[in-house]
Amino acid sequence: MQVLKFGGSSVANAQNIKKVIGIISERSKRSKLVIVVSALGGMTDILLEAGRLASTGNEGYRIKLKEAETRHLETVQALIPVTQQSRVLSLVKTQCNELEDICNGIFLLKELSPATKDRIVSYGELLSSQIVAAGLLAEEIDSTWKDSRELIKTDSCFTYAAVDFTETNKTIIAYFDTNDKQVTLVPGFIASDSKGKTTTLGRGGSDYTAAIIAAAVDASDVEIWTDVSGMMTADPRLVSTAKIIPEISYQEAMELSHFGAKVIYPPTIQPVMKKEIRVWIKNTFAQEDYGTLIQSTTTKNGNNIRGISSINDIILLSLEGSGMIGIPGFSKRLFEALANEKINVILITQGSSEHSICVGIEQRNAELAKQALDKAFSFEIETGKVEPIVVETELSIIALVGDNMKNHPGISGKMFGALGRNGVNVRAIAQGSSERNISAVILKKDVKKAINILHEEFFETTYKQLHLFIVGVGNVGSKLLSQFLQQEKYLEQHLHLKVKVVGIANSKNMLFKDEGIDLQTWKDQLQQGEEMDINKFVETVQSKNFRNAVFADVTASHDIAHCYDRLLEKSISVVACNKIACSSPFDYYKKLKDLAREFNAQFLFETNVGAGLPVIGSLNDLLRSGDQVTRIEAVLSGTLNFVFNNYDATKTFAEVVKDAQDEGYTEPDPRLDLSGTDVMRKIMILARETGERLEMEHITNNSFMPEACMQGSVDDFYKEMANHEEHFKAIFLKAKEAGNKLKFVAKYENGKASVGLQHIAPQNDLYHLYGKDNVVLFYTNRYSEQPLVVKGAGAGAEVTASGVFADIIRAGR
């Protein structure tokens, strides 16, 4: 014999019920069946609302009852042939009239007891099951209908009755011993107490009905037919990449169902587990799908974790105080006080110091629980032995579940490490001695992020997803987006990394798309975006609360650079092409570095010094390996190197600078390059990375620019350079006569830094530096005679974009 249970979505309407009848017809050819059905989808909520409205004196209950009646009548008319409808329509009408009489009584009394509530909701299953039974008879399937209240006996704890298994098993066995029908159809969810009063088994209790009957008759299988193709590794509404679990043990299924997996009702497992009856989760609307098989032993799938689940709307109650240490009985009194108020404890954690104990309960019981505990420990609170009860709200529990976690070290570390790296704070932890479940209490707002983090960590073998926000999509930023479009497949295939650009902005507009911005049409999309506001942009990045989030600043904005701390505090990594933050006062630079370390985020700024050259990375590798930097010499301005490599007095100096700007080598304001300010920033950043507390005012700048050139606007700057052409020509000719080249050199040694234009002789390492190239010479304890040299293109949109690209990938990995 097999027991098949069909949920509310499977019997929501006549069309779905026809699918159900088709499944029953096919299965009944192979085995005798017991069919358990739920109420029509959504019907239980309608009936409960009708009762609630009636109890408050609101005549709107009549509308709800009419809605219920109409749905059932329409289902009959669409399902049953016209010649056979009369009896079924009459039955529906009679039971709807009974239901109305009950609600009229509630309306008059203004009272809705748990017993009456059970009576009201029972009509959902009674009506749906009799309609399906009529459909089976119409198809000439050998079947009968049996009222499950005559089979399942419970106590009188209405709305969540406990089953009397001794009496129930006896009744079920006796009935089926004399029942020769091929198909027996029963309503789920409902039962009766010893006095014959209707009781219910709790919301979702139709699964339980199926399991109770299956255990009593020693069925071969139980099949739970629903609208999903099995239990999943996580809630698909939260995790788009959740996968079907083909096999799972009874214990794992119980853990997942207790922790919020809605596919199966938690008590369902217990009766079938004792008899080792297999349970299948199947999809009414995708009948060929394998589904999930729940049984005593499962084949190993190479993963220690079977699934991830969560419970929302949890509160933590904390009892703590020095008066608890070494004194027995505190835990007993705490649980006793909660039990007396019928409050279920979901999670317990206690430190070995015995200084505190913490329990998690449902949020709806918060006030009642606090009152009960304040009363139970009133003396100790008054005398200062324990602190007043602390209540923390807006929390959730997430749980990793898997039989194979036992004796596999490192799973907890992997779990909490992944959460920590993404800024998810864990408030409490619990793990049973079976090692089948690791639970953590987190903020409710972090649940989606946390479950996605853990799912990616434990189940994703294909790729890791990076959520990228980019501010600044001009020359460099647009090249960066093009590189991500070009490298999309490479990143997935070789680095198992999927970069999703979810936010972009320029000085005018900003655009956010959770599903990802199309990198082929981003310009058009951005034009339709909302007005740019950096504070609003940062707040949106924070509120999105994405896992593996990276913020890339490809601007030269002071305001944006001073938002980094707000992002790092939320464990959002920052990649800065913008030099302003790292060349700000040392305290802000250090604050950002410290925040990145504290909140497990990355703060990367390789392009601040050498565009795409690995200057900072090489320096940090030296320092991490224990080497010590004694001196740095560098040509750090691609712009100035381009200018002095191309200026030969045949073209004016102003024209060569304009060429550099047109090529995209200069800062937005070229005076930052020509004045040496940009080079000062770069050598200061390098000195700071070595551990030096250096400020801009500590750096000597031997500028070659006339003061008049540095006043006014950029247009004024070019005019004044033209006026001072003789000055620039004289500098060039003096170097040429000496057989030297002009290079703007930065130097750091013994805690001091300087920048300035120098004559470079042919034998100097800096002489053979062409075009827009940069070079950095690191003299260290290990590289004392021959320096470590980093050399290459130090300006240009493509190479700078590639440096930002590399930092983003580094942050993501």
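I count a residue as buried under 20% relative accessible area, as exposed over 50% and as partly exposed in between, with a 1.4 Å probe and protein chains only.

**Basis.** I worked from a predicted model, in which local features need pLDDT of at least 70, side-chain atom pairs count only at pLDDT 80 or more, and totals for chains, interfaces and linings use all residues. Residues are numbered from 1 along each chain as its sequence is written, and side-chain values use heavy atoms, with hydrogens and water left out.

**His-72.** I looked up His-72 and noted 1% relative accessibility, so His-72 counts as buried. I located His-72 in helix 3 (residues 61-79); helices (H or I, at least four residues) and strands (E, at least two) are DSSP runs, numbered from the N terminus. I found that the side chain of His-72 reaches the backbone oxygen of Ala-68 at 2.8 Å. Setting aside neighbours within four places in sequence, I listed the residues in contact (heavy atoms within 4.5 Å). For His-72 these are Leu-40, Met-43, Val-92, Gly-124, Leu-127, Ser-128 and Ile-131.

**Helix 7.** I checked the span of helix 7 (residues 205-217): its 13 residues reach 19 Å from first C-alpha to last, close to the 18 Å expected at 1.5 Å a residue. The expected span is 1.5 Å times one less than the number of residues. I noted 13 of the 13 residues of helix 7 as buried. Asp-218 follows helix 7, with a positive phi near 55°.

**Strand 13.** I recorded five of the seven residues of strand 13 (residues 356-362) as buried, so strand 13 is largely enclosed by the rest of the structure. Two strands pair if DSSP finds at least two bridges between them. Strand 11 (residues 307-320) pairs with strand 13 in the antiparallel sense over seven bridges, and I found Glu-362 as the bridge partner of Ile-314. Strand 12 (residues 347-350) runs antiparallel to strand 13, joined by four bridges; there Gln-350 stands opposite Ile-357.

I traced an open sheet of seven strands in the order 20-19-18-17-21-22-23, with mixed pairing. Strand 20 (530-531) and strand 23 (603-604) are the edge strands, each pairing on one side only. Strand 19 (residues 509-512) pairs with strand 20 in the antiparallel sense over two bridges, and Asn-509 stands opposite Glu-531.

Key. A polar contact is a pair of N or O atoms within 3.5 Å; within protein, one must be able to donate a hydrogen and the other to accept it, and residues adjacent in sequence count only if both atoms are side-chain atoms.
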